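Dear colleague,

I am handing over the structure below, and after it you will find my notes on what came out of the analysis. Please read them with the model open beside you.

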Amino acid sequence: MRRTLIASLLFLIACSPTEPATAQPSPPPPTGAVQEAVFAGGCFWCMEHDMGAIPGVVEVMSGYTGGTNANPTYENHPGHYEAVRVRFDSSRISYRQLVDRYWRYTDPTDASGQFCDRGSSYRPAIFVTPAQRADAEASKAAVITSGRVNGRVITPVLDLGPFTEAEEYHRDYARRNAMQYQLYRTGCGRDARLREVWRR
C-alpha cells in the first residue's frame, strides 16, 4: 500500500530536489545511561520520525521483529512487524515516560494495521523485556482508563525477540527524503486519524 501511495504522489515532485535537514549534534549521554525500547506503530518511517523527536531519545532504527523468519527483509518478512528500536538516555527520560509518549503516535484501536497501511506487518505493539513489562502494562492500563481514546485499546504488550535492522534505504527516511515523506504521511491520513482517535 505504501509503495502505491508514494508512486501516485511522487509525480508531483519529480523535478523537485530534496535537501536533507542538517542534523544537530548533541552531547553523548553518560556511560551506562543508554537503554533500548522496541515499538511497532505502522509505517516505520513515521515511527522513526516521531519517536526521534522526543527529548532524550538518542537514536531510532527501523527494522523488523515479532516473526520467525531468520533474515527478514522488506520484501520477505511474514509474521514480522515493522518496528523501531529506540535508544534513549535514561538520565533524561525513563522507559515509562517513553511508553507514555508512544501511544499518541499510534491508533491503538486498530488491530488490522495503521492508517492507510493494512496487514499484519503494520499492527501496533509494544515489545518488552521482562524488566520493562510492568511499566508497559501500567502505561496501557492508564491509557485505557484515561477516557482519552475514541475506541477500545487493542495494542498488545509482547515479549521482545530478535530485532533485525531494516535496509539502509529505509533508515532515516523522513530526514533524507523530506518532501516524499510528507506527501506519504499526508496521503496516508496519519495525522488526521490521530486527531480523531485521541481526545485532547
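In which sense do strand S1 and strand S3 pair, and over how many bridges? Strand S1 (residues 34-41) and strand S3 (residues 81-89) pair in the antiparallel sense over six bridges, where helices (H or I, at least four residues) and strands (E, at least two) are DSSP runs numbered from the N terminus, and two strands count as paired if DSSP finds at least two bridges between them.

Before going further, please note that this is a predicted model, in which local features need pLDDT of at least 70 and side-chain atom pairs count only at pLDDT 80 or more, whereas totals for chains, interfaces and linings use all residues. Residues are numbered from 1 along each chain as its sequence is written, and side-chain values use heavy atoms, with hydrogens and water left out.

The sheet and the helix across it

S1 and S3 belong to an open sheet of six strands with mixed pairing, in the order S7-S6-S1-S3-S2-S8. Its edge strands, each pairing on one side only, are S7 (157-159) and S8 (163-165), and from one strand to the next the twist averages 40 degrees. Phenylalanine 39 has valine 84, in S3, as its bridge partner. Helix H2 (residues 44-52) lies across S1, S2 (57-65) and S3, and runs at about 160 degrees to S2; axes here are lines fitted to C-alpha atoms, for helices over the stretch in contact (heavy atoms within 4.5 Å), and angles run from 0 to 180 degrees between N-to-C directions.

Leaving aside neighbours within four places in sequence, tryptophan 103 is in contact with several residues, among them Pro108, Ile126, Val143 and Trp198.

Tyrosine 64

Tyrosine 64 is placed in strand S2 and, at 0% relative accessibility, counts as buried, a term that means under 20% relative accessible area, with exposed being over 50% and partly exposed in between (1.4 Å probe, protein chains only). Its side chain makes a polar contact with the side chain of glutamate 167 at 2.7 Å, and also reaches the backbone nitrogen of tyrosine 74 at 3.1 Å. A polar contact is a pair of N or O atoms within 3.5 Å; within protein, one must be able to donate a hydrogen and the other to accept it, and residues adjacent in sequence count only if both atoms are side-chain atoms.

Phenylalanine 115 has a positive phi of about 60 degrees although it is not a glycine, and it is buried, with a relative accessible area of 11%. Aspartate 172, in the loop between S8 and helix H5 (173-176), also has a positive phi, near 55 degrees, but counts as partly exposed at 30% relative accessibility.

In helix H6 (residues 178-188) the buried residues are Gln180, Tyr181, Tyr184, Arg185 and Cys188. They lie on the same side of H6 because they cover an arc of only 130 degrees around the axis, taken from the directions from the helix axis to the C-beta atoms. Glycine 189, with a positive phi near 75 degrees, follows H6.
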